[in-house]
Amino acid sequence: MKRNAAAMAGHEEMPSPEASFTAAETAYRKLRSDIVAGVFEPGQPLRLEFLRQRYGLSFSPLREALNRLQTERLVLAAALRGFSVAPVSIEEMWDVTETRTLIECEALKRSIARGDDDWEAGIVAAFHALDLQVRRHVPVGRELSVDELSALEIRHQEFHRALIAQCGSRRLINLSDQLHVETQRYRLPALAGKMPTGPRDVAFEHRQIMDATLARESDKAQDLLAAHYRRTAELIETQMSPRSG
C-alpha cells in the first residue's frame, strides 16, 4: 500500500542502500577523475545543479562525493559559497610530495623487512608491465591520448603500490593512495601532450628502485625512491614557475 501511495503521489521510491552507495561511489570517482585531470580549474565553483547535469546523478550522492573529496584536500567548502576545486601552488605541491615521500619510504622499509617471494614477484611483474606500457605505446616525444595516459598512470601506480604491498599497515597504504591522487593533480598536466624529454630516464630510475628493493638494500632503496619523487617535483616546479610560461 505504501508503494502504491508513493507512486500515485508522483514520488520515486527511496533508493536501496546498495544503490545509494553505488551512486555515491560513481559520483566520487567521476568528480575525482575530472579534478585530477584538470577538467575543472583550481578554484572553480562546483555547483550541484551543474554537476547533476554533467553526471546525471542526484544531489545526495554528489554532496557525499564532494564531502569525501574535501577530506582528501581536492575540494574546498565555504559557508554560503558552496564547494570549489582546491587551489594549486608550488608550496602545496612540495608539501604533498614530501609527505608522500615520508609515508612511502617508511612503508618501503617495512616491506623490505617483511616481504616474501610473492612480494618480490609482484614487484617484478608490475615493473615489467609498466616498462611495456612505456616502450610499446608511449614513444618518447609522441602526444599521449587520454587512454594511453590513463593506462600509463594505472601501471605507474601499480608499480609503486607493489613496492610497499608488504608493509603490514593498511593505513600506510591508504595514505599512499590518497597522496598519489593529490600529486596526480600536478603530474598529469606535466605528462599531458607528450612524455617528458631530456636527460632524465624515468624507466631507469624505476629499475634502480626495484633492484635495490629486491636486493634488500633498504637505505639505498629509500634514497632512490625519495630522489625519484623529488626529481618529478623539481620538473613540475619548473613548469609551474611564471618564468617558464
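Reply: Leu48, Glu49, Leu51, Arg52 and Tyr55 of helix α3 are in contact with Phe59, Leu62, Arg63 and Leu66 of helix α4, where contact means heavy atoms within 4.5 Å. The residues of this contact comprise 6 nonpolar, no polar and 3 charged; Ala, Val, Leu, Ile, Met, Phe, Trp, Tyr, Cys and Pro count as nonpolar, Asp, Glu, Lys and Arg as charged, and the others, Gly among them, as polar.

The model is a predicted one, in which local features need pLDDT of at least 70 and side-chain atom pairs count only at pLDDT 80 or more, while totals for chains, interfaces and linings use all residues. Residues are numbered from 1 along each chain as its sequence is written, and side-chain values use heavy atoms, with hydrogens and water left out.

Helix α3 spans residues 48-55 and helix α4 residues 59-71; the two pack at an angle of about 110°, with their axes 10 Å apart. Because of that angle, α3 is roughly perpendicular to α4 (under 35 degrees is roughly parallel, over 145 roughly antiparallel, 65 to 115 roughly perpendicular, the rest oblique). The axes are lines fitted to C-alpha atoms, for helices over the stretch in contact, and angles run from 0 to 180 degrees between N-to-C directions. Helices (H or I, at least four residues) and strands (E, at least two) are DSSP runs, numbered from the N terminus.

Helix α3 also contributes to an aromatic pair. Phe40, in the loop between α2 and α3, and Phe50, in helix α3, are 10 residues apart. Their rings are edge-to-face, at 6.1 Å centre to centre and 70° between the planes. Rings of Phe, Tyr and Trp (its six-membered ring) pair if their centres lie within 6.5 Å; planes under 30 degrees apart count as stacked, over 60 as edge-to-face and the rest as tilted. Phe40 is buried at 2% relative accessible area, whereas Phe50 is partly exposed at 37% (buried is under 20%, exposed over 50%, partly exposed in between, with a 1.4 Å probe and protein chains only).

Glu25 belongs to helix α2, residues 17-36. Glu25 is buried, with a relative accessible area of 15%, and a polar contact of 2.8 Å joins its side chain to that of Arg68. Such a contact is a pair of N or O atoms within 3.5 Å; within protein, one must be able to donate a hydrogen and the other to accept it, and residues adjacent in sequence count only if both atoms are side-chain atoms.
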